Amino acid sequence: MGWQRCYPGGFLVWVVLLCELIQPVNYMPISGFLFDLDGVIVDTAVFHYQAWRRMANEVGFDISHEFNETLKGVSRMDSINLILAHGNVSLTENRKLALAAQKNEWYLELVSHMTPDDILPGVTGFFHQLNQAGIKCALGSVSKNAGLILKRIGMLDDFDAIIDGNKITNGKPDPEVFLKGAAELGLEPVQCVVFEDAVAGIEAAKRGGMFAVGIGSPDVLTQADLAIPSLEHLTVTELLTAIDRAQGIGY
Ligand code: B16
Ligand code: MG
């Protein structure tokens with residue numbers, strides 16, 4: 001009774017008001033998650049590598065696993081240019097287009113057997129948690145095959161927005177794919193978290209002004225705000241708390 005007289009409206013109301021006051025003036029809570037596809041939701045990165053390697057072999061050289069890291073998240077035509085430059089091979093635009101089409105055929109053959117069993121560990125549980133937390137989510141992939149793969153693994157309806165290679169002009173590390181994702185969710189970039197396995201994708205997220213969670217090694221994803229081996233190693237609550245702390249809003 002005593003404290004209620006001193007703090008009209010109840011103690012809790014005052015605590016909430018105090019917390020509001022100590023938040024940074026333009027604090028906007030995290031309300032959207034943007035997911036890369038290849039290497040985050042499913043391991044198609046390995047199929048891209050196999051198909052690119054086959055193409056490089058056809059042209060007369062090989063590409064290593066390490067070199068493949070630089071291709072992750074990079075668009076099809078940008079990838080072919082990087083690969084040919086790596087092998088010191090110069091080809092006409094028409095030949096490059098033909099090789100890109102051939103690589104895509106090999107890639108489609110490799111992914112044609114995918115099923116929901118190919119969803120990476122931790123993904124399904126993480127999506128369940130984000131739905132419970134009322135967080136919106138979008139796909140942010142530069143792959144033109146993203147819709148087809150989501151359909152194969154039964155996750156086409158799990159996203160509030162899908163931005164793929166057919167909707168963008170610039171591949172990662174340009175932030176376009178994630179900025180479009182945030183816009184389709186009706187959110188500011190600062191309200192979004194990006195989940196990425198590629199160096200180029202982490203750079204895209206940071207250039208877009210978003211919090212970046214790297215899926216992979218912190219030694220490779222050096223620009224990531226947080227790096228974890230897989231979504232199995234994180235809960236939505238832990239992540240939101242860590243972001244609040246990083247932004248100095250934990251109380
Ligand atoms: P496609 P992401 C990217 O997808 C892949 O990481 C990259 O290796 C691939 O070259 C690119 O999509 C284009 O894919 O040939 O299927 O259009 O990582 O942004 O989901
Ligand atoms: Mg990826």
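Helices are DSSP runs of H or I with at least four residues, strands are runs of E with at least two, and both are numbered from the N terminus. By that rule the protein chain has eleven helices and six strands.

The model is predicted, so local features need pLDDT of at least 70 and side-chain atom pairs count only at pLDDT 80 or more, while totals for chains, interfaces and linings use all residues. Residues are numbered from 1 along each chain as its sequence is written, and chains are lettered from A and ligands numbered from 1 in the order in which they are written.

**Stop 1: the whole chain**

Select the protein chain. Of its 251 residues, 37% count as buried. A residue is buried if 20 or more other C-beta atoms lie within 10 Å of its own, exposed if 12 or fewer, and partly exposed in between, with C-beta atoms placed from the backbone. Two residues are in contact if their C-beta atoms, placed from the backbone, lie within 7 Å. Among contacts with a separation of 6 or more, 60% are between residues 24 or more positions apart.

**Stop 2: ligand 1**

Select ligand 1 and the residues around it. A residue is near a molecule if its C-beta atom, placed from the backbone, lies within 6 Å of it. There are 21 residues around ligand 1, and L37, D38, S141, S143 and K144 come nearest. Helices α3 (45–59) and α5 each supply at least two residues of this shell. By class, the shell has six nonpolar, ten polar and five charged residues. Here Ala, Val, Leu, Ile, Met, Phe, Trp, Tyr, Cys and Pro count as nonpolar, Asp, Glu, Lys and Arg as charged, and the others, Gly among them, as polar.

**Stop 3: α3 against α6**

Two packed helices are described by the angle between their axes and the distance between the axes. Axes are lines fitted to C-alpha atoms, for helices over the stretch in contact, and angles run from 0 to 180 degrees between N-to-C directions. Select α3 and α6: their axes come within 9 Å and cross at roughly 140°. That makes α3 oblique to α6, since angles under 35 degrees count as roughly parallel, over 145 as roughly antiparallel, 65 to 115 as roughly perpendicular and the rest as oblique. The crossing of α3 and α6 is right-handed; a crossing is left-handed if the near helix is turned anticlockwise from the far one by less than a right angle, and right-handed if clockwise.

To see the contact, show F47, H48, Q50, A51, W52, R54 and M55 in α3, which meet L99, Q102, K103, W106, Y107, L110 and V111 in α6. The contact of α3 with α6 holds nine nonpolar, three polar and two charged residues.

**Stop 4: α5 against α6**

R76, M77 and I80 in α5 meet K96, L99, A100 and N104 in α6. Four nonpolar, one polar and two charged residues make up the contact of α5 with α6.

**Stop 5: the loops on either side of α5**

Select N88, in the loop between α5 and α6. N88 has a positive phi, near 55°, in a residue other than glycine. N88 counts as exposed because it has 8 C-beta neighbours inside 10 Å.

Next select T70, in the loop between α4 (65–69) and α5. T70 has 16 C-beta neighbours inside 10 Å, so T70 counts as partly exposed. The C-alpha atoms of T70 and L82 are separated by 8.7 Å, and the two residues are twelve apart along the chain.

**Stop 6**

Select K172 and P173, which are joined by a cis peptide bond with omega of about 15°. P173 lies in the loop between β3 and α9.

Which residues of α9 (residues 176–185) are buried? They are V177, F178, L179, G181, A182 and L185. These buried residues pack against β1 (32–35), β2 (136–140), β3 (161–163), β4 (192–196) and α10 (199–207). Just after α9, G186 takes a positive phi of about 75°.

**Stop 7: G134**

Select G134, in the loop between α7 (123–132) and β2. G134 counts as exposed because 7 C-beta neighbours lie inside 10 Å. G134 and G32 are 102 residues apart in sequence, and their C-alpha atoms are 9.0 Å apart in space.
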